[in-house]
Structure formats: structure tokens, C-alpha cells
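Here's a quick tour of a fold, from its sheet to its charged pairs. Have a look at the model first.

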Amino acid sequence: MRVKLEGITVLALDVARLTKFYRDVLGFKVVIEEEHYTEFENDGVRLAIFSAPLMANNTNGHHSFVEERKGQAFELNFECDSPEEIYVMYDDFVAKGAIGITAPKVMSWGHTTAFFADPEGNIHSLFAVNPITGGNV
């Protein structure tokens with residue numbers, strides 16, 4: 001028996017604000033938009049945003065949904081087709097309201113990577129595998 005990851009739900013204090021970011025900045029198409037829940041179209045894993053206070057109600061007031069969150073809880077990784085594409089996308093995301101964390105740069109593990117945050121401070125990455133040149137990564 002095995003389990004299959006079907007979806008990722010981002011808990012938000014301001015569902016409308018985060019929905020606007022993921023729709024307008026990252027370009028996700030909204031398929032369901034309600035006061036406390038938004039779901040985006042995606043091939044593969046479902047991505048949704050849900051109200052943290054309402055999740056507290058759904059879980060009998062579990063402390064993890066009502067306490068102030070501190071630190072990074074998750075990261076979404078967006079793979080680009082080429083390293084050059086990351087520079088363009090990063091600048092576009094920041095111009096549209098993403099919080100720039102780390103501008104694109106070539107990393108020692110063979111990727112070009114950039115980091116940005118959404119309006120609630122969740123840090124995500126853009127990356128592309130660097131082409132191999134002359135045997136070096």
C-alpha cells in the first residue's frame with residue numbers, strides 16, 4: 001500500500017490577498033474562489049489556499065492554526081526551462097509584488113536559483129538546471 005500526494009494547501013490569514021498574488025504574480029489560473037478557499041488549475045498536484053482561522057474551527061481549535069506562525073513552514077519550487085528564463089521571471093515576479101529574497105545566481109549544485117516571498121512571507125524558489133559545459137557543472 002502507498003499514499004499519493006494529491007494536493008498542497010497553503011494556510012493563509014488573508015485568503016483574498018494570497019489568491020491575488022498566486023493568480024496575478026505567479027500566473028496560476030483560479031478554478032474555485034470562495035471567501036475562505038481558492039483552488040488553482042494545475043497538472044499533477046492540486047494547489048489551494050485555505051483560511052487558517054477556519055482550519056482552526058475545523059480542527060477543534062488546534063493550537064497550530066491559531067498561534068502566530070514563525071519561520072518558514074514550506075517552500076514551493078518552480079522549475080524553469082532555462083537559466084536565462086529565471087532572470088526574466090524573477091524580475092517580473094518582483095515587479096508584480098513578490099518580495100525579492102535572493103536574485104538569480106549560479107549555485108554550486110548545478111542550478112541557477114532565485115528566491116522570492118509571497119505576501120505572507122512564504123519563501124519559494126525558481127530554478128533551472130545549468131547546461132553542462134566542458135565537463136563542469
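How many bridges join E1 to strand E4, and which way do the two run? Six bridges join them, and the strands run parallel.

## Ground rules

This is a predicted model, where local features need pLDDT of at least 70, side-chain atom pairs count only at pLDDT 80 or more, and totals for chains, interfaces and linings use all residues. Residues are numbered from 1 along each chain as its sequence is written, and side-chain values use heavy atoms, with hydrogens and water left out.

## The sheet

Helices (H or I, at least four residues) and strands (E, at least two) are DSSP runs, numbered from the N terminus. Four strands make an open sheet in the order E1-E4-E3-E2, with mixed pairing; strands pair if DSSP finds at least two bridges between them. At the edges sit E1 (7–12) and E2 (30–33), each pairing on one side only. Ile8 stands opposite Leu47 in E4.

## A buried threonine

Thr19 belongs to helix H1 (residues 15–24). At 1% relative accessibility, Thr19 is buried (buried is under 20% relative accessible area, exposed over 50%, partly exposed in between; 1.4 Å probe, protein chains only). Beyond its neighbours within four places in sequence, Thr19 is in contact (heavy atoms within 4.5 Å) with residues including Val30, Phe40 and Ile49.

## Charged pairs

There are four salt bridges (a side-chain nitrogen of Lys or Arg within 4 Å of a carboxyl oxygen of Asp or Glu). In one, the closest N and O atoms of Asp24 and Lys20 are 3.4 Å apart. Because these two are four residues apart in H1, about one helical turn separates them.
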